[in-house]
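Reader: I am new to this structure. Could you walk me through it with a few questions and answers?

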Amino acid sequence: MHHPFEKHYVNRVGWLRAAVLGANDGLLSTTSIVIGVAAASPERNTIVLAALAGMIAGAMSMAAGEYVSVSSQEDTEKADLLREKKELEEMPEIELQELAKVYERRGVSQETALQVARELTAHDALGAHAHDELGINEITQAKPLQAALASLGSFALGALLPFMVSLLAPIKQMVYLQYGFTIIFLMVLGAIAAKTGGSSIGVAVGRICFWGTIAMGVTALIGHFFGVTVA
């Protein structure tokens with residue numbers, strides 16, 4: 001029985017991972033595109049178009065990729081459950097012993113483990129094997145549509161910042177303002193994600209700022225050299 005004030009974060013892992021990944025990717029990848037284009041071609045129409053294209057294409061790509069990836073996980077889970085169901089029908093005694101062994105490995109005595117396995121099998125044999133033998137439960141179970149929608153919305157939301165900056169920022173300071181606003185928002189997103197997931201805020205913020213700076217720096221250099229070559 002859980003304490004009424006006890007907090008658990010694992011039940012957020014499905015949508016949280018997709019949402020944080022989508023927002024960070026939307027913000028960072030769109031900013032990187034804009035910085036690269038701005039360094040190569042300092043014209044507002046070109047920069048705004050690049051930001052808009054990056055936002056739309058990236059959001060759709062993230063959603064599609066997340067849906068396919070999580071669907072593959074779901075297919076694997078379903079196949080494992082079907083196989084387990086068949087084994088329970090064909091060799092119930094062996095499956096009972098397997099389940100008891102799971103509890104023994106967790107430190108339960110052989111006699112108690114067998115008794116627990118018998119009682120859980122009588123209550124819900126497939127559910128017991130899915131949870132304790134295969135590691136599938138309602139918290140970690142794959143939800144493709146939920147993950148895809150979380151990725152789509154969060155990517156678009158993250159990409160909205162560099163798009164707005166591309167519309168409003170002075171052309172001469174475009175690269176610096178894109179970098180500055182993005183780093184600030186990356187720090188905010190990192191802190192929110194860490195707080196929501198119950199992990200260290202400092203580590204999360206430092207990590208995303210470090211890799212964000214590298215990503216934007218590389219694209220700025222590529223854009224600069226491309227612009228010089230074209231000129």
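Author: Here are some questions about the helices, a surface patch and a pair of rings. This is a predicted model, in which local features need pLDDT of at least 70, side-chain atom pairs count only at pLDDT 80 or more, and totals for chains, interfaces and linings use all residues. Residues are numbered from 1 along each chain as its sequence is written, and side-chain values use heavy atoms, with hydrogens and water left out.

Reader: How many helices and strands are there in the protein?
Author: Helices (H or I, at least four residues) and strands (E, at least two) are DSSP runs, numbered from the N terminus. From that end on, the elements run α-α-α-α-α-α-α. The count is seven helices and zero strands.

Reader: Where in H5 does a kink lie?
Author: H5 has 25 residues and reaches 37 Å from its first C-alpha to its last, close to the 36 Å expected at 1.5 Å a residue; the expected span is 1.5 Å times one less than the number of residues. The bend at a residue is the angle between axes fitted to the seven residues ending there and the seven starting there. A kink of about 30 degrees comes shortly before the proline Pro-162, at Leu-160.

Reader: Which helix gives the most to the nonpolar patch?
Author: Patches take residues with over 30% relative accessible area and no salt bridge, joining like charges within 9 Å and nonpolar side chains (Val, Leu, Ile, Met, Phe, Trp, Tyr) within 5 Å. A salt bridge is a side-chain nitrogen of Lys or Arg within 4 Å of a carboxyl oxygen of Asp or Glu. This patch covers about 760 Å², with Leu-52, Tyr-67 and Leu-152 among its residues, and areas come from the Shrake-Rupley method with a 1.4 Å probe, only the protein chains shown counting as cover for residues. Helices H2 (44-90) and H5 (144-168) each supply at least two residues, but the most, five, come from H2.

Reader: Is Trp-211 buried or exposed?
Author: Buried means under 20% relative accessible area, exposed over 50%, and partly exposed in between (1.4 Å probe, protein chains only). Trp-211 has a relative accessible area of 53%, so Trp-211 is exposed.

Reader: What kind of aromatic pair do Phe-210 and Trp-211 form?
Author: Rings of Phe, Tyr and Trp (its six-membered ring) pair if their centres lie within 6.5 Å; planes under 30 degrees apart are stacked, over 60 edge-to-face and the rest tilted. A search of the whole structure finds one aromatic pair. Phe-210 and Trp-211 lie 5.1 Å centre to centre with 80 degrees between the planes, and their pair is edge-to-face.
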